[in-house]
Amino acid sequence: MGDLFRSEEMVLCQLFVQSEAAYVSMYELGEAGIAQFRDLNPHVNDFQRRYVSEVRRCSEMERKLRWVAGELPEPPPPPKISPSNLSPREINILEERIDYIESEIQEITRNARNLKSDYLSLLELKILIEKTQTFFQDQSAHRKISASVQIYNNEGVLGHLGFIAGVVATHRVPSFEKMLWRISHGNIFFKQAHIEKPLKDPVTGHELQKTVFVVFFHGEQIKLRVKKVCNGFQATLYPCPATYKDQQDMLAGVETRIKDLEILQNMFSMDIVKKCLIAECWVPRRDLYILQKALDYGLIKASGSPIPSILHYVPTKEIPPTFNRTNKFTRGFQNLIDSYGIASYREVNPALYTIITFPFLFAVMFGDVGHGLLMTLFASIVVLFEKKLAKKKTDNEIWNIFFGGRYIILLMGIFSIYTGLIYNDIFSKSLNIFGSRWRNVYDNETLLNNKMLELDPAEAYSQTPYPFGLDPVWEFAANNIIFLNSFKMKLSIIFGVIHMAFGVTMSVVNFNFFRRTELIYLQYIPQILFLLLLFWYLCILMFMKWTMYSAISTDPAYGTSCAPSVLIIFINMMLLKETESKPPCRALMYDGQDALQKTFLVIAYICVPIMLFGKPVYQMMAAKKRKQYRQGVESGEVDEHDDEHDGGMGEVLITQAIHTIEYVLGTVSHTASYLRLWALSLAHAQLSAVLWQRVLRIGLSGGSPVNSIALFVIFAIWAFFTLAILVLMEGLSAFLHTLRLHWVEFMSKFYEGHGYAFAPFSFSAILENDDEDPPAQTNGAPPE
C-alpha cells in the first residue's frame, strides 16, 4: 500500500547503445515495460526515420499473418510463449517462411476459386440444357420449331431463324425482357424458367437467384443487338444444341465433369548507420537495475562488442510523468482517481484512502444486509474465477466495467452488510438478535383494544443501549421515519465534516514534501480553523445534545422536551442573534456558549483575509528579498523585471481570490452536499419497504394452496425488482453520488491533478491495444 501514498520517483536517463546490441536491449525493455522514451527527433518525419523499414517489415508480416489466419477454415491455436527474443537472422527466416506460406495460400485460393467458377458454369449449363428441353418439346408450337432447327457453326438456326440461350440474375429478368423487346421492335420470342435451387457465388459465397432464358430471333442485326443486351445485363451465354439427341449427349458430358470437380474439391488440402544509438527515457528509480540489466544482456547476446552500453542520469527541470504502481486489487481505485485527473508528480495520491472511504460512504447510502449480500456474492464469484474470466475477451463494455471494478464491488458489498447491521435492515425487515431493550408495560386487553400505544422511555426502556445497531423495536414504531431522519441527517453532517477536514489536512503532506512550509501557516491553518470552528462545532453540538438530554433526566431543563434545535442555534450563531428561552427550558446548552460562539465566529472571519492576502503578500516579500541579493544587473533590466513582477502579482492576487471564494462558499455547499448520504439512505430503505409490503407480503398473507402457488410468481416479481431497482439502479445511483463526494468535496481540498501518465514501452500493452494505433514510442529508441 505504500506505493500508493504518492507516485514513484522518476529518473531521466540517457542511453548510449551499440547498434549491434540495440535490438536485444530494446526487446528486453519492451518485455519489462519500465521505460518511457522521449522523441529526440521531433522534427523528423515518421517515414524518414532510421528504423522505419524494419517497422514496416514487422507490420507487413503481421498483416500477412492476419490474412492467413482469416483464410484458414478454423482459427489457429494460440501462439506458444517464446523463451527469448528472435535474432535478426531468425526474423529474416521467419519473413521468408511467412512469404512462402502466403504465396502458397494465395495460389491455393486462386485455384479453388477457379474450380468453383468452373463448377458454377457447368452447373448452370446443366440446368440450362434441362430447362431448354422443355422449351423445345412441351408445346406443339415448339415441336414445330424444334423439328426444323439445324446447327451451323455451333449456333442454333431455323432457316433464317436463330436462338441464343443463357442464364441471367432473376431480379434483372423484367428489365432484360423489356430491353430485348425494344431493340427488336417485338421481333423476338423470349422464353424463361426460374432456377429453384439457389446457386453460390464462387468469390463471396452468397446465394444467387438466377433464371434460364432462350431468345429466338431473325437476322444477324438482331442477333448482334441481343448479344449486346446480354452483355449489358451481365447474362452468361452458353452453347445449346437444338436437337434432343445432342442435348442429351452434352448433358451427360457436363454431369461427368461436375462429378469430377466435386471429387476434386472434396480432396482439396493446403500445405501450410550509425554505430551508436542515443535515447532518453523516463524510468522509475527503483527499476533502474532492470534497465541496466537489459543493456548488459543486449551487449552479451550481440556480436561481443568490447564497447559497453552506457546508462547516464540526466539532470532536468522538466516535470516527469506520474506513475503509481498498482496491483489487481488497487487498480480499480486508482482508475477512479485518474478519471478525475492524473496526479501531479509526487503529490499525495487519494487512491490509498479511497480504498476505505469510497465503499464506506457508498454503504452509508446503500446500507442493507440483504442487498449487500447479493452484491458481495456476485463480486466474490467474479473474483474467484477472475483468471478464467480474464481470458475471455469481450467487447461488452458493461461487463468489462463490472469485471474491472470487481474488488470495488466486493468492498462496497461488505461495507453495505456492515452498515445494514448498524441500521438493522435486511430487505426492509429488522433482526432481533440481542432482544429489544424496550419492554411492554401494557396488558393484553389494552393491546387488543388499541391500534396505537405510546411507550414512555422512563417506564418502558431498560436504560441499557442495544449492543449493536438500532433496536429492532423501531421497525414497528409510528415515528420510525422521524427518528431515522434525525439520526441519518446528523450522521451525514458528521461524516462529511470529518471527510473534508481530512482532505484539508492532506494538503499539509504536500506542503512539507514540496518544501512550501509557509503555506501551512498561510493556507492550511486558516482553512482548517474556518472549517472546524464553524462546522465541526456544529457536530459537537449534536454530540452534546445526544448525551446531555434524556427522557429520564431529573432536571427538567435537560429533558427531551427541552432539547434545543441544533440547527436554530447554528443559524443564530451565524446571524449573531440571541436564542430565546422558554422556562424551564434553557436557550443554550451550557454557560458561556454565546460568548464562545462569537469568538469562534470572529476567528473564522479573520481567517478569510489571511487566506486571501497571505500567499500573495508572502510571495511579494520573497521576491523583494531576492532582488536585494541580485548583483550585476543593469538598471534597465531591473525595471523590466519589476514590470514582470507587478504583472505576476496581479495574476497571483486574482487566482488567490478565486481559490478563497471557492473554499469559503464551498465549505458551506460541500457540507450541505453530504446530506445526500441521508437522502439516498432514506430513499433506499423506503423503496425496499414498499417493495416488501406491496409485492411479497401479498404472497405471504394467505395459507391456501392457491396462495402457495401464487407465491412462486410473486417471489419472482419481488426478486426481479429487488435486483433491477434496489441493487442495480440504486447501486449505480449511490456509486455516482459517492464518486462526486470524492471528486468534488474531498479531493478539491488538496488534489491538483495536473500530471500526465507514465506510458512505458511495453509489448504487453501493445498486444492489449492491438486494434488501436500504437504509441509513438513503440518504434524503439529514436536515434539522435
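Predicted model: local features only at pLDDT ≥ 70, side-chain atom pairs only at ≥ 80, totals over all residues.
**Entry 1: aromatic pairs.** I searched the whole structure for aromatic pairs and got 36. I then opened one of them, Phe 329 with Phe 333. A pair of aromatic rings is described by the distance of the centres and the angle of the planes. For Phe 329 and Phe 333 I read 6.0 Å centre to centre and 55° between the planes.

Entry 2: Is Phe 333 buried or exposed? I found a relative accessible area of 0%, so Phe 333 is buried. Phe 329 came out at 25%, so I noted it as partly exposed. The cut-off for buried is under 20%.

**Entry 3: a ring cluster.** I followed ring pairs from Tyr 27. They link Tyr 27, Phe 37, Phe 761 and Phe 763 into a cluster.

**Entry 4: charges over rings.** I looked up two cases. Arg 6 has its charged end over the ring of Phe 513, 4.0 Å from the ring's centre. Lys 488 lies over the face of Tyr 423, and the distance to the ring centre is 4.2 Å.

**Entry 5: strand 1.** I went to residues 10-18, which make up strand 1. Why is strand 1 largely enclosed by the rest of the structure? Eight of its nine residues are buried, so I logged strand 1 as largely enclosed. Next I checked its pairing with strand 12, residues 310-313. The two run antiparallel and are joined by four bridges. I picked Leu 15 and looked for its partner in strand 12; it is Leu 311.

Key: Residues numbered from 1 in each chain as written. Heavy atoms only, no water. Phe/Tyr/Trp six-rings, centres within 6.5 Å; stacked < 30°, edge-to-face > 60°. Buried < 20%, exposed > 50% of the residue type's maximum accessible area, 1.4 Å probe, protein only. Lys NZ or Arg CZ within 6 Å of the ring centre and 35° of its normal. Pairing = 2+ DSSP bridges.
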